[in-house]
Structure formats: C-alpha cells, structure tokens
Amino acid sequence: MIDFIQTTLDGLSIGSAYALIALGFTLVFGVMRRINLSYGPSIMLGAFAGTWAFVTLEAQPWLVAVVTIAGTVAVGMYVERLCFWAIRKDAAIASMVSSFVIWMQLEEVATILLPGRTYPYPELFKFGGIDIGPYFLRMEHVTTLAVAMFMLVVLRLLLYRTRFGLALRAVSESSEAAVYMGISPVRITFWAFVFASFIGGVAGYLLLAADQQVTPYFGLWATFKGLIAMMLGGLGSIPGAIVGGLLLGVIEAHTQWYLGNAVKDLTAYLVLFLVLVLRPGGLLGQGIVERHAQAFRRI
Amino acid sequence: MLDVHDLHIDYGKISAVRGLSLSVDAGEIVAVIGANGAGKSSTLNALSGIIKPTKGSIRYGGKSLAGHSVRSYIRMGIVQVPEGRMVFRTLTVLENLQVGAYRLGSFLLSHISPEDVLQRFPVLAERLHEPASNLSGGQAQLLAVARGLMARPSLLLLDEPTLGLSPIASEEIFRLIDALRNEGLSILIVEQNVRQTLDIADRGYVIEGGRIVLQGSAQELKKDDGLVASYLGMKSACAPRSTQMRVK
C-alpha cells in the first residue's frame with residue numbers, strides 16, 4: 001500500500017509536468033484547431049539554449065531557467081509566424097506538415113548549438129527531499145507539482161477573468177464572429193502561442209531539472225507525452241489536459257513500478273487507444289465532439 | 001453622419017458592389033432592400049470594416065474610414081450585428097455582452113458591467129450566467145443586439161436581424177429597433193421582411209446587382225409599384241430560406 005501511494009505521488013508530480021505540456025497543446029489547438037507538432041522541439045531548443053548558457057557561460061540555475069523559458073518563447077514565436085500565421089486559415093494540413101518540417105529544423109539548430117548527445121542540466125535543489133511518515137517526496141517533484149498547480153490557477157484566471165482570456169475563448173469558438181467585436185484573431189493567436197510557449201518552457205525546465213540532463217530527443221518525447229495527455233483528457237478541453245496529464249503520469253509510474261520500464265510507454269499507448277475507442281473525444285472532451293457533431297448536423 | 005460614396009467591392013474577379021452611394025443621418029433608420037446576392041451584406045461588411053472596399057469613400061462624422069480596421073470603426077461608433085446572430089454559444093450571456101465591449105474594455109472582466117444595456121433586456125438579465133446556447137432564436141438575436149450596444153455605438157448596422165425568427169420574435173426585434181432609434185441611435189438595416197422594415201424605417205435604398213436602383217422615404221417606397229411587385233410580394237419565396245438558416 002505504501003508503495004502504491006508513493007508511486008502515485010511520483011506519478012502525479014511528473015504528470016503535472018505532462019499536464020502543462022498538454023495545456024500548451026490545448027491552448028493552441030483551442031484557438032486555431034491545429035496541432036503544433038513542433039511544440040516539443042521548441043521546448044527542447046529552449047532547453048538547449050539554457051544548457052548552452054550553463055555549459056559555456058557557467059550560468060546560475062536561475063539564469064538557466066530564464067534562458068530556457070525565454071528561448072522556448074522565442075522559438076514559439078518563430079514557429080507561429082512561419083507555420084501558422086503565414087499559412088492560410090483553411091490550410092490546416094499545410095501548417096501541421098510545416099510544423100513537422102520546422103521540427104527537423106529545430107533539432108538541426110540544437111545539434112549545431114551543441115553537437116554532443118547528452119548535456120547536463122542544473123538541478124533545482126541541492127538537497128534531496130522531505131520525509132512525511134513512510135513517504136519520501138523529492139524536492140523536484142514537490143516543486144513541479146506546486147508550479148504546475150500555480151500555472152493552472154494563473155491560466156484559469158487569465159482565461160476567465162481577463163478581457164484577453166475572453167477574447168481567446170471567443171476566437172476559439174468562432175474567429176469569424178470575433179472579428180465583428182473588433183478582436184483580431186491573428187493577434188490573439190499570436191499571444192496564445194506565446195503563452196503556450198511560456199507554459200512549455202516552464203514545464204520543460206521542471207522536467208529537465210529533475211532529470212539533470214537534456215538530449216535532442218527531448219523534443220520528440222515532449223510532443224508525444226503532451227499529445228497523449230491531451231488526447232487522453234479530451235481534445236481542446238483545459239480540465240481535460242490536466243486530468244490527462246496527471247493520469248498519464250500516474251499510469252506510467254505504476255506500470256514502471258509493477259511491470260518494469262519496458263512496458264511503461266506501451267501501456268500509455270494502450271490506455272490512449274482504449275480511451276479513444278471507448279470515448280473518441282477523450283475523457284472530458286466528449287462535449288466538444290458532440291458540439292462539433294451538432295454543428296455539422298446543422299450545416 | 002455616414003456618407004458612402006461610389007463604393008466598389010470585388011471578390012477576385014466577381015464584383016459584388018459597383019458604385020454604391022448612400023447616407024445615414026443621425027437618429028434615422030435606413031433600410032437596405034434587395035434580393036439575395038444583391039450586395040447588401042457586402043455593403044454592410046464594408047461599412048463595419050470587416051472587408052476592405054476596392055474603391056470608394058466611407059466618411060463618418062466627417063472622418064474618412066475606408067481601409068481602416070474593424071477596431072477603428074467600432075471606436076468611431078459604428079458597430080455591426082452580424083447576419084445569423086453569431087452569438088458565442090459556449091460563452092455565457094454575460095460573457096457575450098462583455099465581449100461586445102472588447103474594444104472599450106479594461107483588463108479585468110469584472111470592470112465591464114453590462115447593467116446599462118441590460119435594463120432594456122430583462123430576458124437576458126434573468127439568464128446572465130447561462131451559456132448562450134440555451135437561448136431561443138429570438139433571445140439569441142436580442143443578445144446579439146445587446147452585445148452590439150455594449151460597444152456604445154452611434155450607428156448600428158443590422159444584417160438580417162429577424163432571419164429565421166418566428167413572427168412574434170420578429171415583432172419584438174422590430175419594436176426594439178424602433179425604440180433604439182427613438183433614443184437617438186442611427187440604424188442601417190438589411191432585412192428580408194421588407195414590409196415590416198419599411199413600417200419602422202425613415203428611408204430606404206433598393207439594391208440590385210451591386211447598385212442602387214431606387215431610393216426614397218419609407219412611405220414612398222411602400223407605394224412604389226415595382227418594389228411591391230418584386231419584394232413585398234415575395235414573402236413566400238423567402239420562407240424556405242429562413243427555415244433553412246434557422247439556428248437552434
């Protein structure tokens with residue numbers, strides 16, 4: 001039982017980082033109905049900028065965090081301008097393909113920046129963690145969970161309490177109608193991208209600081225985890241992204257503990273497969289699927 | 001107040017509006033009448049900045065607006081209530097109203113209060129926190145107009161406000177439009193319910209093929225034989241379209 005709870009706690013902590021990445025995907029998908037495949041690689045390149053500062057300039061950990069997040073945001077802006085803004089509204093496939101092409105480009109840039117395979121990434125804390133009864137909480141895990149929860153609260157306030165958030169939700173429902181309100185969907189989309197990249201940068205930093213190393217494969221890894229978490233919870237649903245992320249983390253932690261590392265990813269895919277077969281909209285995205293179906297019936 | 005001169009709108013090689021001129025004075029309802037595809041909606045969309053005219057001048061309160069963004073139009077006081085209502089179904093009634101004030105609004109939503117506008121719409125006040133998808137067609141149209149009023153317009157552009165509504169709901173919309181004019185708002189309305197529109201309008205323009213073919217006071221237009229034949233008699237021809245377009 002103690003093992004079970006301990007594993008769940010570990011899973012929730014990594015899951016909260018997944019949730020953040022899934023949120024980034026969801027924000028962009030919500031506004032544009034397009035998936036930004038190079039989201040993970042953008043985070044990876046941001047992290048490479050961070051580790052570059054760490055390795056070559058011997059930057060302090062806080063500076064590495066700043067460089068990672070700022071780098072991710074900068075790359076995010078670049079991706080938005082190139083793959084989404086420059087490509088016409090009705091060419092969703094084209095921008096998805098181009099976001100895949102950009103992915104390759106970003107990996108290339110990362111290997112030019114730092115040609116090696118693996119680089120160290122500074123840890124968040126020098127001290128290990130806290131004991132609560134029989135449980136041990138790693139400091140990184142506690143921080144990840146806390147920061148993720150904090151970001152969720154900020155995101156929620158931004159979306160539901162501010163004019164920008166309202167405009168973003170209006171654009172997600174209908175950019176056509178939003179234009180009549182004097183909202184510029186192009187501008188809102190851009191800022192949604194910036195915000196998603198910021199969230200991604202934070203998530204990337206937390207994950208890598210816990211791992212203490214970074215490789216160019218981090219991009220692929222982050223895109224996969226984020227997409228699975230988003231699909232699991234429900235396409236385009238913010239609570240869904242959170243639930244999906246946490247669930248994915250917990251499932252992975254348990255399968256790793258009970259069945260071994262090799263089965264871990266396999267189980268995640270299996271669960272995703274089952275959820276999509278049983279509930280095509282994901283756990284919390286059913287409403288969105290139904291709304292779309294309704295809209296299509298009307299047309 | 002609004003002066004449009006020699007307006008041209010082209011979509012690629014197709015020209016929707018060819019040399020249209022019209023004006024709206026303060027505190028009057030001006031109707032734009034025409035068959036489907038005559039260029040009515042294109043004209044309205046150009047007058048709210050949604051589409052950029054190929055040629056022509058749009059002056060409002062002495063300022064030239066052609067080529068400006070929707071933002072500038074709203075800031076100048078020209079607000080359009082789009083065809084098909086385009087209410088945000090996933091947002092609450094309150095949020096729909098607040099998004100109407102987007103261009104005036106402050107950073108926090110709690111600072112955007114719809115109270116002034118709501119006095120006129122008790123139905124909406126009752127359902128403030130419900131999603132707009134719960135509203136009936138008539139209520140959704142009221143919400144669309146209320147949302148437009150949130151931007152504090154001096155000229156309201158209404159595109160087919162009674163499309164798909166029951167006669168009773170349409171009646172309510174026309175009463176609302178009449179009341180708004182009586183309080184000093186200028187209104188430019190595109191409508192398929194020609195008779196009822198002319199009943200409340202001060203003046204009207206008839207568009208055909210992107211040009212104005214007839215204009216005059218509402219009284220004169222109602223008596224015009226050609227207009228009676230082609231539009232006032234075509235109620236039955238409009239009916240299938242309105243049921244087809246019905247939202248919810």
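This is a short chat about the two chains of a predicted model.

Q: How are residues, chains and ligands numbered or lettered here?
A: Residues count from 1 along each chain as its sequence is written, while chains take letters from A and ligands take numbers from 1 in the order in which they are written. Since the model is predicted, local features need pLDDT of at least 70 and side-chain atom pairs count only at pLDDT 80 or more, whereas totals for chains, interfaces and linings use all residues.

Q: How many helices and strands does chain B have?
A: Chain B has 11 helices and 10 strands, where helices (H or I, at least four residues) and strands (E, at least two) are DSSP runs numbered from the N terminus.

Q: And why call chain B as compact as a globular protein of that length?
A: Its radius of gyration, taken over C-alpha atoms, is 17 Å, close to the 18 Å that the globule rule (2.2 Å times the number of residues to the power 0.38) gives for 248 residues, so chain B is as compact as a globular protein of that length.

Q: OK, what about chain A, how many helices and strands?
A: Chain A comes to 12 helices and 4 strands, and its C-alpha trace spans about 55 × 45 × 35 Å along its principal axes.

Q: What share of chain A is buried?
A: Buried residues, meaning those with 20 or more other C-beta atoms, placed from the backbone, within 10 Å of their own, make up 49% of the 299 residues in chain A.

Q: And in chain B?
A: There, buried residues make up 47% of the 248 residues.

Note on methods:
Buried ≥ 20, exposed ≤ 12 C-beta atoms within 10 Å, placed from the backbone.
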